[in-house]
Amino acid sequence: MSISTSRTGAVIRKELTEFRRNRLILITASVLPIVFLVSPTAQILSLKASALSTVLERRVETALFLPLLIPVFVPAILSAYAVVGEREQGTLEPVLTTPISRVEFLLGKATAIFVPAVGVAYLMFGVFVAITQFAAASPVATAVLHAPQLPAELVFIPLLAGWAIWVGLAISARATDTRVAQQLSILASLPPIALAALMSFQVISPTFELAAALAVGLLVIDSLACFAVARVFDRERLITGTKPTSGSYRVRGSQ
Amino acid sequence: MSTTSGPSSSPTRSPSPAPPSPAPAGPAAIEASHLTKTFGPRTAVADVSFTVARGEVFGFLGPNGAGKTTTVRILGTLIEPTAGSAVVADIPLSPATGAEIRQHISIMPEAPGLYRRLTVTENLDFFARLYGLRRREQRISQALAAVGLRDRAHDLAGSLSKGLRQRAALARSLLNDPAVMFLDEPTSGLDPVAAHEVHGLITALRDRGVTVFLTTHRLDEAERLCDRVAIMNTRLLTIGRPDELRQRLFSRSLAVITAAPLASPDQVFTGLPAVESWQTTTTDTTATPTAPLTPPANSPVGYLLTVTDPAQAAPAVTRALVAAGADVLSIAESRHTLEDVYLQLVDDTEGRTR
């Protein structure tokens, strides 16, 4: 199956233009990242140089876990809207009358959400690390910089975003209401976050092997998800709102 | 009512409609054969077959829920038929040929479906890219010029009136220079001026040789624009040229108005050449005669004569009326509209299913 980069690119371009022009999307999508920047930064800056090592360790764990929520919640809301939202505003049918394939459409949608979501997550994470290095007490800053969660965070941000986007798109392709899609999408994004939380707070021993296995697992899921979601993306169901029925559909001249 | 009608007081409908006229000669743009679509237990389209010639404006009429949009969606490869087959733009309809067919056709759904936060040009550019068009700027400019929307090219789609949005959607449908255009209720919700503009655009498309498949509720629109029309109500009820359908379904008739009721209309009209039957009607010649009336004395009265040939019947009727001492106000051939045909057929099928 060939994928047209120009058609996929057209969807990306259109989506990003729409995001840029929709202030409400920008504002609501910015609130969570700002909360997840301000809260851990305040926690770290409030620590004194003489803080107990156990307190310091616990604060760093929490502070480094919160930015992981950005690549989950931000794309979950956007991707849940992606298909059902277009359907509700009547723009989906004209798009489906063009030669664009399901995979091209979904890939375009996913990329358009992935880029800003991961960009914002890295930006907030970078700002957090920079502030702590400049403004936190020296031992605290060192603890943040040498925390094992730091490199893991860099790996897991795009992987978690990928999971949230594909789950959101799958739900959006099947949902009949945007609000339901967004709620389901957030709920469906929780399992990998729960696992990450258990590791961050050392409920599950965060070994390198376990983290690597989780990362590889998410990478495989993210890579194959496009094709899996394309299977649940049914033109007929999306346009008519009813489940397609099988029949004796004949192809003239090529049976 | 027997006193007010002639030998045959049946309505003006012909006893049995003739079989559908054959498809026009020449290569076909659309061939649908026994298309059927069911949604669960509900049948939306049942065993529908027709052919649309290249360059033809083909009207697809029917009441709400008749299966018009479903048929368009099947032919536009948006949904699969439950049974039957079709060829669209020389390509057999199949799950594997969907993208190829969509490259050569365009569908304008009832709702314009424009991205409201994008400008008209940005909307068109997006679709031009989806069609993989080269020289996009030129194509967009041509499409906007065709619908008279060049001066609004950089306006946000959300700021346009409904009529202008409809025009922008039509421009979008023109982008890929389609062999077949499906227009689903293109004037739905438009004011008369905007609807008139869309009619002009459809006429221009016909002049350019584009095959137009037009679904509409507006029978005047179909009558004015379409070379042929099909009337369906889940099943295909009839197909043909509008004038052909009128003739097939209704007898020809003469509408006569006299200044006062005739003393003995039966004696005047019976036995005249080419006159088959008569009935008294309203004097409102624009209304479709349906039921015989008892006319008040000393006031104008109308008579509707079912005739085999109006040209032969009219002079004989005039002479007979003059001989009977009647003051004739008018004699004219009574015209049935496509609406009469439509109502007759749809009422018949709905009566049968009741």
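1. Helix α7 (residues 102–135) and helix α8 (residues 138–145) of chain A pack with their axes 8 Å apart, at an angle of about 150°. Since angles over 145 degrees count as roughly antiparallel, α7(A) and α8(A) are therefore roughly antiparallel to each other. The crossing of α7(A) and α8(A) is left-handed. Do keep in mind as you read on that this is a predicted model.

2. Which residues make this contact between the two helices? From α7(A) come Val129(A), Thr132(A) and Gln133(A), and from α8(A) come Ala141(A), Val144(A) and Leu145(A). Sorted by class, the residues of the contact of α7(A) with α8(A) are four nonpolar, two polar and no charged.

3. Stepping back to chain A as a whole, you will find 13 helices and one strand. Read from the N terminus on, the elements run α-α-α-α-α-α-α-α-α-α-α-α-α-β. The C-alpha trace of chain A spans about 80 × 40 × 30 Å along its principal axes. Chain A has 255 residues, of which 43% count as buried. Taking the contacts in chain A between residues at least 6 apart in sequence, 84% join residues at least 24 apart.

4. One residue of chain A worth a look is Phe156(A), which lies in helix α9 (residues 149–174) of chain A. Is Phe156(A) buried or exposed? Phe156(A) has 25 other C-beta atoms within 10 Å, and the cut-off for a buried residue is 20 or more, so Phe156(A) is buried. With its neighbours within four places in sequence left aside, Phe156(A) is in contact with Leu68(A), Ala196(A) and Ala215(A). As for Ile171(A), it is 15 residues from Phe156(A) in sequence and 22 Å away in space, C-alpha to C-alpha.

5. Now to where the chains meet: 35 residues of chain A are in contact with 35 residues of chain B. On the side of chain A that touches chain B, at least two residues each are supplied by α1 (5–21), α6 (92–96), α13 (235–240) and β1 (248–249) of chain A. The element that gives the most to this side is α1(A), with seven residues. By class, the side of chain A that touches chain B has 16 polar, 10 nonpolar and nine charged residues.

6. Chain B holds 11 helices and 14 strands. Of its 354 residues, 49% count as buried. Among contacts in chain B with a separation of 6 or more, 74% are between residues 24 or more positions apart.

7. The strands of chain B include an open sheet of six, in the order β6-β7-β8-β3-β9-β10, with mixed pairing. Why is one side of β6(B) and of β10(B) left without a neighbour in the sheet? β6 (105–108) and β10 (235–240) of chain B stand at the edges and each has a single partner strand, so one side of each has no neighbour there. On average, neighbouring strands of this sheet are turned by 15° against each other, direction ignored.

Conventions. Residues numbered from 1 in each chain as written. Chains lettered and ligands numbered in written order. Predicted model: local features only at pLDDT ≥ 70, side-chain atom pairs only at ≥ 80, totals over all residues. Pairing = 2+ DSSP bridges. Helix = DSSP H or I, 4+ residues; strand = E, 2+ residues; numbered from the N terminus. Axes fitted to C-alpha atoms, helices over the stretch in contact; angles between N-to-C directions. Buried ≥ 20, exposed ≤ 12 C-beta atoms within 10 Å, placed from the backbone. Contact = placed C-beta atoms within 7 Å. Nonpolar A, V, L, I, M, F, W, Y, C, P; charged D, E, K, R; others polar. Parallel < 35°, antiparallel > 145°, perpendicular 65-115°, else oblique. Left-handed = near helix turned anticlockwise from the far one by under 90°.
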